[in-house]
Amino acid sequence: MTDRSADGPDAVDTLPPPVLIAVDEASGIGVLTLDRPEQRNPLSVETMREVIAGLTALTADTKVIVVRAEGPVFSAGHDLRQMIGRTLDEERAIFETCNEMMRTVQSIPQPVIASVQGTALAAGCQLVAACDLAVAATDARFGTPGVRIGLFCSTPMVAVSRAIGRKRALQMLLTGDTIDAQTAADWGLVNYVVEPEALETATTELALKIAGSSPATMRIGKEAFYRQIDLPQETAYAAMAETMASNAMIGDAQEGMTAFLEKRAPVWKGR
């Protein structure tokens, strides 16, 4: 395991970096860890910049990326101290940085898995919803409580409503209530719920299963998924027929189909 720490440009010298980055070179799994547990892992501007930089840096040498957090809280959302007494342009910059982070999660070629313990609130819940997959511990809770402090969770709403649908999203957004991990799974916000002591193992097993496939095919598939998801059905079918035809032409697809017919394991080249 090779560890790399990302030092934020505005970080305070006496604090550790807000995001720790590690790459398991044998498996190709990269891990981004939110590491401000004493502050409930707030998504400050500095932290969001580090997540963006970390995700981008890891894309060259990883097959799957896991986003996790230290401490009893996954993330309490934005750092409210950065949002008081600011100009409109400064407030806009905070949310554009957040938008960029969420776009980066979905635009990089690697699948991104959220591994969630404790509480994920507001932008923290948004980050979970934006990840391609999510595994949650039984003690995890999710919420968009901004309405209770006069700040409606409008940007979290984008990812959360797309993950769980209108009525359920509005229930969370209008009441500010949290939901437990099993409800989050039933609603489609997370994929699996496991006991807290099994969270790391379950997340790693899922990452390894995905990492066993062709990285070139994963890249094509992830990009295609987000490109088609909001298209009208007939437009989506036409676009995906072209995508699948092009996918069939790459070396890894030819190798995979040949290996299947020959009843042997494929040898991926990543192209």
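Guide: What follows goes from the helix pair to the sheet beside it. This is a predicted model, in which local features need pLDDT of at least 70 and side-chain atom pairs count only at pLDDT 80 or more, whereas totals for chains, interfaces and linings use all residues. Residues are numbered from 1 along each chain as its sequence is written, and side-chain values use heavy atoms, with hydrogens and water left out.

Helix α2 (residues 88-107) packs with helix α3 (residues 123-130) at an angle of about 20°, their axes lying 9 Å apart; helices (H or I, at least four residues) and strands (E, at least two) are DSSP runs, numbered from the N terminus. Axes are lines fitted to C-alpha atoms, for helices over the stretch in contact, and angles run from 0 to 180 degrees between N-to-C directions. Contact, meaning heavy atoms within 4.5 Å, is made by Cys-98, Met-101, Met-102, Val-105 and Gln-106 of α2 and by Ala-123, Gln-126, Leu-127 and Ala-130 of α3.

Turning to the sheet, 4 strands form an open, mixed arrangement in the order β5-β7-β9-β10, where two strands pair if DSSP finds at least two bridges between them. The edge strands, β5 (73-75) and β10 (178-180), each pair on one side only, and the twist averages 20° from one strand to the next. Within this sheet, β7 (residues 119-121) and β9 (residues 141-143) pair in the parallel sense over 3 bridges, with Thr-119 opposite Arg-141 in β9. Helix α3 also packs on the sheet, touching β5, β7 and β9, and its direction makes about 100° with that of β7.
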